[in-house]
Amino acid sequence: MIARRGVLLGGFAASAAALLPGCEPRLSGLLTSSDTHPGDYPTVKAVEYMGRLLEERTGGRLGIKVYAGGQLGSETDTLEITSFGGLDFNRVNLAPLNSVEPATIPFSLPFVFDSVDHMRRTADGPIGDEVLASLEPHGLIGLCFYDSGARSFYNTRRAIASPADMRGLKLRVPASDLYVAMVNALGGNAVPIPYGEVYQALAQGVIDGAENNWPSFQSARHYEVARHFSLTEHLLTPEVLVMSKVGWDRLSPADRELVRAAAKESVAEMRRLWDARVEEAKAAVTVSGVAVNEVDKAAFSELMKPVWDEFVTTPQKKSLVERIVATGGG
Ligand code: GTR
């Protein structure tokens, strides 16, 4: 049994480390990780799998305890805690990083990937490595990308078949200006609220709908209230697993290699669990009577051009987008 380290909610660990560079003891024991999803979700299982690899490979000196179900707060909040060293790992969507690091924008552009294969190829290769490395100046070490399937719109009111059907709908988005611009350009009214508050907002009619993948739609029980799921599949953005740089700096070079390798190996396990989970979620939601409809994807994609122009502004972002698009079509 590995000793459990407490979760330090605040920046005190970081300040102590800053005052005493090199004086912090090596990181050991049960390292902490956060996830907004419940304990049986593929992202949580994948990080636990990574923890088991670390336990085996260090004779129990290192392991990971995942705080699931958003119990430590929203992704925006836990990312800040992670960057200060109050949490060792965090598995998040790229959306809350969009305002932190511009290099996360290209992966988050609507319709930038033409298939899950395209996303996997890009995330697993040099472009993915470049995006992971871009997080370091923000106190985060990018370790690997996980799948997130395709995000589609769902709502309590009507089927969305073309952008005209979105007019006037209040649609929840994660905390990202890019998502806000996307929904507004499609004719909806974007409402950024944390993931953990979406179910209640839907149930109380504060919002009409949201957008997400099949497993989230099911596991967060949004489908119980939002009975129209429209297959816009506008985003195939991967999710990311990060480590706190404060914690990373306290690992020996050999342990850093172990952490990187275990994270990379957890990707295949995540995808195995993910593919099965997508099918299960789709089946459960459909059996419950949710109306699922196809959409005119080209009409949605067409309206995204100004959004790309607004957000792809620097040479670095332009270059990333060009390279992502060039790896597509296969
Ligand atoms: C899910 C994603 C979460 C969270 C959520 C959201 O698909 O796995 O990390 O970002 O979407 O919409 O906030």
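**The ligand and its surroundings**

Around the ligand stand 14 residues, and those that come nearest are His 37, Glu 75, Arg 151, Arg 172 and Asn 212. The model described here is a predicted one. Sorted by class, the shell around the ligand is made up of seven polar, five charged and two nonpolar residues.

Asn 212, already named among the nearest residues, places a polar side-chain atom 2.6 Å from an oxygen atom of the ligand. For Glu 239, the corresponding separation between a polar side-chain atom and a ligand oxygen is 2.8 Å. Asn 213 also has a polar side-chain atom facing this count, at 3.2 Å from an oxygen atom of the ligand. On its own, the ligand would expose 310 Å², and the protein buries 98% of that area. The space that the ligand takes up is the largest pocket.

Turning to the protein as a whole, 13 helices and eleven strands are found. Its radius of gyration is 20 Å, close to the 20 Å given by the globule rule for 330 residues, so the protein is as compact as a globular protein of that length. Taken along the principal axes, the C-alpha atoms fill a box of roughly 60 × 45 × 35 Å.

Key
Residues are numbered from 1 along each chain as its sequence is written. This is a predicted model: local features need pLDDT of at least 70, side-chain atom pairs count only at pLDDT 80 or more; totals for chains, interfaces and linings use all residues. Side-chain values use heavy atoms; hydrogens and water are left out. A residue is near a molecule or strand if one of its heavy atoms lies within 4 Å of it. A polar contact is a pair of N or O atoms within 3.5 Å; within protein, one must be able to donate a hydrogen and the other to accept it, and residues adjacent in sequence count only if both atoms are side-chain atoms. Accessible areas come from the Shrake-Rupley method with a 1.4 Å probe; for residues, only the protein chains shown count as cover. On a 1 Å grid over the protein atoms alone, a cavity is a set of points where a 1.4 Å probe fits but cannot get out, and a pocket is an open set with protein on both sides within 12 Å along at least five of seven lines; lining residues have an atom within 4 Å of a point. A molecule sits in a cavity or pocket if more than half of its atoms lie within 2 Å of its grid points. Ala, Val, Leu, Ile, Met, Phe, Trp, Tyr, Cys and Pro count as nonpolar, Asp, Glu, Lys and Arg as charged, and the others, Gly among them, as polar. Helices (H or I, at least four residues) and strands (E, at least two) are DSSP runs, numbered from the N terminus. The radius of gyration is taken over C-alpha atoms; the globule rule is 2.2 Å times the number of residues to the power 0.38.
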